[in-house]
Amino acid sequence: MVTAVFPGSFDPPTLGHLNIIERSSSIFDEILVLVAENRQKKSLFSAENRLSMMQELVKPWKNVTVEICGGLLAEFMKSRGLRIILRGVRGMDDFAYELELSLVQRALGGKIETVFLGTSAEYFACRSSTVKELASFGADFSWMVPPLVKEAVDKIEVLGYLKND
Ligand code: ADP
């Protein structure tokens with residue numbers, strides 16, 4: 001059984017994230033989506049909200065589960081005997097950052113390998129921070145997120161969140 005861990009902020013989940021999950025779910029036996037709970041980093045949605053949105057969104061794929069991770073990813077993986085991190089890349093900037101991160105994870109976790117999956121063309125511009133930016137202007141971001149996320153973002157005061165950033 002090969003389980004790939006897909007860690008991220010998912011603040012909020014986007015169609016780009018779901019595309020990576022959908023495609024990787026037919027490559028690996030199991031996908032564990034890990035919602036990062038980072039007390040130093042401000043987020044629009046609480047980790048519990050991001051977890052429940054993700055749990056709802058991954059229902060179509062029977063081999064995908066979601067958990068919250070509040071600690072160091074490498075430690076979490078070691079404790080569960082997991083080796084594969086899955087990350088999505090949109091372009092060269094993402095790749096440069098992700099490659100560096102993968103070296104850090106390997107230094108911390110020993111046998112940890114990161115697998116990169118390139119974005120699908122239609123989600124190239126899809127990014128959680130852009131969703132928040134557009135929402136703060138009252139602009140249309142529905143093309144970047146599933147309806148459940150659109151409704152959740154619409155209920156939140158995004159401008160106040162960005163101002164306090
Ligand atoms: P963000 O979505 O703001 O980049 P996350 O930490 O939530 O940040 O992303 C989790 C993972 O999903 C990262 O590996 C990121 O590169 C990837 N990802 C995010 N959006 C896309 C997308 N549109 N296409 C491919 N991968 C993506």
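Me: Which residues of helix 6 are buried, and which exposed residues does the face turned away from its buried side carry?

Reply: This is a predicted model, in which local features need pLDDT of at least 70 and side-chain atom pairs count only at pLDDT 80 or more, while totals for chains, interfaces and linings use all residues. Residues are numbered from 1 along each chain as its sequence is written, and side-chain values use heavy atoms, with hydrogens and water left out.

Helix 6 covers residues 147-154, and its buried residues are Val149, Ala152 and Val153. Buried means under 20% relative accessible area, exposed over 50%, and partly exposed in between, with a 1.4 Å probe and protein chains only. Seen down the axis of helix 6, the buried residues fall within an arc of 95°, so they line one face of the helix. That arc is the one made by the directions from the helix axis to the C-beta atoms. An α-helix has 3.6 residues a turn, so residues three or four places apart point the same way. On the face of helix 6 turned away from its buried side are the exposed residues Pro147 and Glu151.

Now the chain as a whole. Its secondary structure comes to 7 helices and 5 strands, where helices (H or I, at least four residues) and strands (E, at least two) are DSSP runs numbered from the N terminus. Along the sequence the pattern is β-α-β-α-β-α-β-α-β-α-α-α. The radius of gyration of the protein chain is 16 Å, close to the 15 Å that the globule rule gives for 165 residues, so the chain is as compact as a globular protein of that length. The radius is taken over C-alpha atoms, and the rule is 2.2 Å times the number of residues to the power 0.38. Buried residues make up 44% of the 165 residues.

Lys132, in helix 5 (residues 128-136), is buried with a relative accessible area of 10%. Leaving aside neighbours within four places in sequence, Lys132 is in contact (heavy atoms within 4.5 Å) with Asp11, Pro12, Leu44, Val158, Tyr161 and Leu162. Ser24 belongs to helix 1 (residues 15-25) and is buried with a relative accessible area of 0%. Not counting residues up to four places away in sequence, Ser24 touches Ile31, Leu86 and Leu117. The C-alpha atoms of Ser24 and Val64 are separated by 9.7 Å, with the two residues 40 apart along the chain.
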